[in-house]
2 protein chains.
Amino acid sequence: MALTAAQNRVVTAAVELFARNGVGGTSLQMIADEIGVTKAAVYHQYNTKDEIVLAAAEAELARLESVLSQAEAAGSPKQARAALVAGIVDLAVEGRRTVGSILNDPVIVGFFADHRMFRDVMTRLRRLLIGDDTGPEARVQTAILLAAISGAVMHPFVADLDDEVLRTQLLHMAVRLLQ
Amino acid sequence: MALTAAQNRVVTAAVELFARNGVGGTSLQMIADEIGVTKAAVYHQYNTKDEIVLAAAEAELARLESVLSQAEAAGSPKQARAALVAGIVDLAVEGRRTVGSILNDPVIVGFFADHRMFRDVMTRLRRLLIGDDTGPEARVQTAILLAAISGAVMHPFVADLDDEVLRTQLLHMAVRLLQ
DNA sequence: GTCTATAGACCGATAGAC
DNA sequence: GTCTATCGGTCTATAGAC
């Protein structure tokens, strides 16, 4: 899981290109060109394209996992939820160019379903946001909250807005939606 | 714009495959196989892959445009907004497997920015939802509303929910968010 | 860790018969 | 409207030198 400097260059370039062209529209040659090395040098770090996609998805997820862990350490469930939502808003705004495309790419969504690491984070996320209420209303409401945050940051309607303005408005709405 | 039967088969297969594999991850061979013809037969309908992608995006957008036109014919702005939101919820739930992936694919998002038809629909959508208020709050709120609807329907948290339950919950939230 | 060079499959696209 | 056959190019992936 700990990446070497060379692996980090590969993953960073991959995340950027996946957001720009989609996973299926990104070749190893593109990644190599973006870094300024040859394909063979990329293959020295990862043996298949799938491994790169997985590493890129894990790198993005690691940031969410970090926010999640911090939130779980909060005093009360209510404080935990607030901390989590604020952290997710920060994450989404910070990565507004890349997060959305990657989260929605069909190939990566497939990984989400297949690998336990992703499911575990989703379970923790769900538990923190809605506790033990597994009814339809709570599930839809949580899906809306998460989709709204990750989707709104890359919407054309807000493309020309400052990060700070976007963050403030988004957080305000998220708090309202959570009540 | 009016599609022949053969063109319709191509576009329908393309929409399905784009949702499953992404635009960049879908080849003309895949589309041909899905229909049960050869690549050359597909090329007889559309001369390039880009034309197919464009036709697929237009087909999806045409459904939104139809909802938009109906809403614009409503008596008051308030009624128009309500009709529009209800129509969009229906559209999203109906196409919950495909709509989300296609709306977020980087290649199609690029088309959205380049082609006037998409921008026109977006302008009408925006006018109907927020009128002449072009401030940050209104823009973020509208982006949230649209992102929430299109993103929530394909969220893993609601994957096992009935269409009817999902539609009801989603509509309830949308109305609340619109106030 | 990076390179050159290459293998074999698949890509988008075209020609021409039926 | 669909087919067979083919083109040049790019794809993922590997071998082996430095």
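**View 1. The interface between chain B and chain A in this predicted model**. Let's start where the chains meet: 40 residues of chain B are in contact (heavy atoms within 4.5 Å) with 40 residues of chain A. Because 100% of the interface residues of chain B are also interface residues in chain A, the copies meet through the same surface. The area buried between chain B and chain A is about 3,200 Å², and carbon and sulfur atoms give 73% of that area. Here, buried area is the accessible area, taken with a 1.4 Å probe, that two parts lose on being put together, summed over both. On the side of chain B, the residues that lose the most area to chain A are B:Arg139, B:Ile144 and B:Phe157, together 21% of what that side buries.

A word on reading these views: residues are numbered from 1 along each chain as its sequence is written, while chains are lettered from A and ligands numbered from 1 in the order in which they are written. In this predicted model, local features need pLDDT of at least 70 and side-chain atom pairs count only at pLDDT 80 or more, whereas totals for chains, interfaces and linings use all residues; side-chain values use heavy atoms, with hydrogens and water left out.

**View 2. Polar and charged links between chain B and chain A**. Between chain B and chain A the count is 2 salt bridges (a side-chain nitrogen of Lys or Arg within 4 Å of a carboxyl oxygen of Asp or Glu). Look for A:Asp160 and B:Arg139, whose side chains meet in a salt bridge with an N to O distance of 2.6 Å. Side chains of opposite charge can pair when their charged atoms come close. There are also 5 residue pairs in polar contact between chain B and chain A, both residues being at pLDDT 80 or more. A polar contact is a pair of N or O atoms within 3.5 Å; within protein, one must be able to donate a hydrogen and the other to accept it, and residues adjacent in sequence count only if both atoms are side-chain atoms.

**View 3. The elements of chain B that touch chain A**. Among the elements of chain B that give two or more residues to this side are helix H1 (5-21), helix H8 (116-130), helix H9 (136-152) and helix H10 (163-178). Helices (H or I, at least four residues) are DSSP runs, numbered from the N terminus. H9(B) brings the largest share, 13 residues. By class, this side of chain B has 22 nonpolar, 12 polar and 6 charged residues. For these classes, Ala, Val, Leu, Ile, Met, Phe, Trp, Tyr, Cys and Pro count as nonpolar, Asp, Glu, Lys and Arg as charged, and the others, Gly among them, as polar.

**View 4. Chain B laid on chain A**. The superposition is by least squares on the C-alpha atoms of residues with pLDDT of at least 70 in both copies.

**View 5. The protein surface near DNA strand D**. Here 17 residues surround DNA strand D, the closest being A:Lys39, A:Tyr43, A:Lys49, B:Thr38 and B:His44. A residue is near a strand if one of its heavy atoms lies within 4 Å of it. Of the atoms of DNA strand D that come within 4 Å of the protein, sugar and phosphate account for 57%. Phosphate oxygens of DNA strand D lie 3.2 Å from a polar side-chain atom of A:Ser27, 3.0 Å from a polar backbone atom of A:Leu28 and 2.9 Å from a polar backbone atom of A:Lys49. H3(B) gives the most to this surface, with 4 residues.

**View 6. The protein surface near DNA strand C**. Around DNA strand C there are 17 residues, and the closest are A:Thr38, B:Ser27, B:Leu28, B:Tyr43 and B:Lys49. Sugar and phosphate make up 56% of the atoms of DNA strand C that come within 4 Å of the protein. A base nitrogen of DNA strand C is 3.1 Å from a polar side-chain atom of B:Lys39.
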